[in-house]
Amino acid sequence: MQSFSSYERQDQFNRLTQEEWDVLVIGGGITGSGIALDAASRGMKTAVVEMQDYAAGTSSRSTKLVHGGLRYLKQFEVKMVAEVGKEREIVYENGPHVTTPEWMMLPFHEGGNFGPFSTNVGLRVYDYLAGVKKSERRTMMSAEEALEREPLVKKEGLKGAGYYVEYKTDDARLTLEVMKKAVEFGACSTNYARVVDFIYDDNGSMVGAKVEDTVSGEQYHVKAKKIINAGGPWVDELREIDGSKKGKTLQLTKGVHLVFDQSVFPLRQAIYFDSPDGRMIFAIPRDGKTYVGTTDTTYDQEIAHPTMTEDDRDYILDAMKTMFPTVDVTADDVESSWAGLRPLVHEEGKDPSEISRKDEIFVSDSGLISMAGGKLTGYRKMAQTAVDLVRDQLMEEQGIRYSDSETKNMPISGGDVGGSKGFKKYKEERVQIGESLGVTKEDAEKLIQLYGSNVDKVFNNFKDRKEEAAQEGVDPVVFAQLVYALEDEMTYKPVDFFIRRTAALFFNIQWVRDHKTSVINYMAKALNYSEQQKQEYTEELDQLLEEAVTPIEYV
């Protein structure tokens, strides 16, 4: 099996240059990870380069829901609802440790966008199109039942509520588990590896890419028969390098989410509600916190670093006051936040409001395949579409035959737990194992939910390396996670660990503050940071900790 260890980063770069790849995937978000898994599992020689960390762009900054596509019913996107709804179940079954069902309440008030009739009809159609299983089909509630379920919802004018299932996920860990599975199938994958140029043959066909290791500054030439641009918000930047940005282009919108402790916003039930201006907002309880979002504003600032502004924060706080009037939260109660970009597709010559949330593929004259738009839920089907195109091209051009996609019933890394039905029993058994090693029940449950069937490695780290943890001054559970992150999850910078590997900066920010010094000291020693690197990476984490609670105004 191929390595996915940060201790072997250089080996990955060496391997990138030593082979000619069937497919080079640019981008390690959910789209690129899905493409890598689909291609590698069909036997294609697959390489992936990600210029930041895996999922550092949109794929760690979403609403953290594997949506069924209910909102598309309003736009009569029937085909999309049917496809996305069915995909949701597949994502869940292939990785029940990172995706879990979440009952969602959609209250309707006098004068609001939703009413009893339209909601009932909409949810019934949705159940049918999405193939929702019986146990998760919608029910309708009276106002009294809705308030019993969630007393914080505005009582005045409440007429009732719809009740249906969404699926909540850890978007960054979902991305990572998909990428790890691709690596199991032989994919060569590395982060902090940025494409700076493309390589062409005498006919102008693309045959490779120049890739820079952004840590060392070294450049490498990577040869590939096919190159897929899965850069998310950066798709158009890569098309510009290729000289093929025309016709349809990306329009970026920004979404922001705020996190509150349950002590100030004790929400019991996930709520999907319309704000005064008609935009839809989620409020979701998670791990002792409640997070609320999202905004939806056009964005034209730095792609790599979207942040919350005062306007974003106040918009969400105002919407909360409308739906939860008894919840007295202020800007001071915001414990953390995140901002993310949605890369939507806009066609030249059309009105700016006419943007598409569908995924689309553009093939340039040089052969660059660019995948734009799409949603987290549909990542597997998007990947299948892209790799089918590569398969057909390789067959036509070189007579190489590859199989159809095999990912529909393929557990992702950590997903070998017997599906959703088997996961409950798996959890019970592993909690007992964790407790027998001295891990608390609460910590054991969290670790199993985080790592799924890979938790045994984390438990072994806890058991075998307690002395080392003590010597390094790192909490033993944190150390067990950190060692796994370094050896098995290509973690290179402290922000990788505290945001994408654990989601702690969003949902347990005090944990980050408590452990950042010991974690950074160990990472600096283990990965041989220079003093300059250590200082730079510490400042990067400190800046993100600050931005999580303090709005930034763009100049």
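I call a residue buried when its relative accessible area is under 20%, exposed when it is over 50%, and partly exposed in between, with a 1.4 Å probe and protein chains only.

**Entry 1: ground rules.** This is a predicted model, so I use local features only at pLDDT of at least 70 and side-chain atom pairs only at pLDDT 80 or more, while totals for chains, interfaces and linings use all residues. I number residues from 1 along each chain as its sequence is written, and my side-chain values use heavy atoms, with hydrogens and water left out.

**Entry 2: whole chain.** I looked up burial for the chain, and 59% of its 555 residues count as buried. For secondary structure I take DSSP runs numbered from the N terminus, with helices as H or I of at least four residues and strands as E of at least two. That gives 18 helices and 19 strands. The radius of gyration is 23 Å, close to the 24 Å from the globule rule for 555 residues, so the chain is as compact as a globular protein of that length. (I take the radius over C-alpha atoms, and the rule is 2.2 Å times the number of residues to the power 0.38.) Along its principal axes, the C-alpha trace spans about 70 × 60 × 50 Å.

Entry 3: I count a contact when heavy atoms are within 4.5 Å. Taking contacts between residues at least 6 apart in sequence, I get 73% that join residues at least 24 apart. The chain exposes about 22,700 Å², and carbon and sulfur atoms supply 46% of that. The areas are Shrake-Rupley with a 1.4 Å probe, and for residues only the protein chains shown count as cover. I also checked the charges: the mean positions of the 68 positive and 92 negative ones are 5 Å apart. Here Lys and Arg are positive, Asp and Glu negative, and His and the chain ends are not counted. I place each charge at NZ of Lys, CZ of Arg, CG of Asp or CD of Glu.

**Entry 4: around strand S14.** Where does Tyr291 lie? I find it in strand S14, residues 289–293. Tyr291 has a relative accessible area of 1%, so I log it as buried. Skipping residues up to four places away in sequence, its contacts include Thr63, Lys64, His257, Phe282, Trp338 and Phe507. Ser337 is 46 residues from Tyr291 along the chain, and their C-alpha atoms are separated by 8.5 Å.

Thr294 is in the loop between S14 and strand S15 (297–298). Asp287 has a positive phi of about 50 degrees although it is not a glycine. I read it as exposed, because its relative accessibility is 62%.

**Entry 5: another positive phi.** Ala55 is also not a glycine, and its phi is positive at about 65 degrees. I flag such things because most residues other than glycine have a negative phi, and most peptide bonds are trans. Ala55 lies in the loop between strand S2 (46–49) and strand S3 (65–66). Is Ala55 buried or exposed? At 2% relative accessibility, I count Ala55 as buried.

**Entry 6: the annotated span.** The unreviewed UniProt entry puts "domain: Alpha-glycerophosphate oxidase C-terminal" at residues 405–534. UniProt positions are in the numbering used here, feature names are shortened, and annotations may be inferred rather than shown by experiment. I get 72% helix and 0% strand for residues 405–534, with the end C-alpha atoms 43 Å apart.

I then picked single residues. Gly422 is in helix H10 (residues 419–436), and it is partly exposed at 22% relative accessible area. Pro96 is 326 residues away from Gly422 in sequence, yet the C-alpha distance is 9.3 Å.

Pro476 is in helix H14 (residues 476–488) and comes out partly exposed at 34%. Leaving out residues up to four places away in sequence, Pro476 touches Phe462 and Ala469. I put its C-alpha 32 Å from that of Asp213, 263 residues apart along the chain.

Leu527 lies in the loop between helix H17 (509–526) and helix H18 (531–549), and at 10% relative accessibility it counts as buried. What does Leu527 touch, not counting residues up to four places away in sequence? I list Ser6, Tyr7, Leu486, Thr491 and Tyr492. Lys86 is 441 residues from Leu527 along the chain, with 43 Å between their C-alpha atoms.
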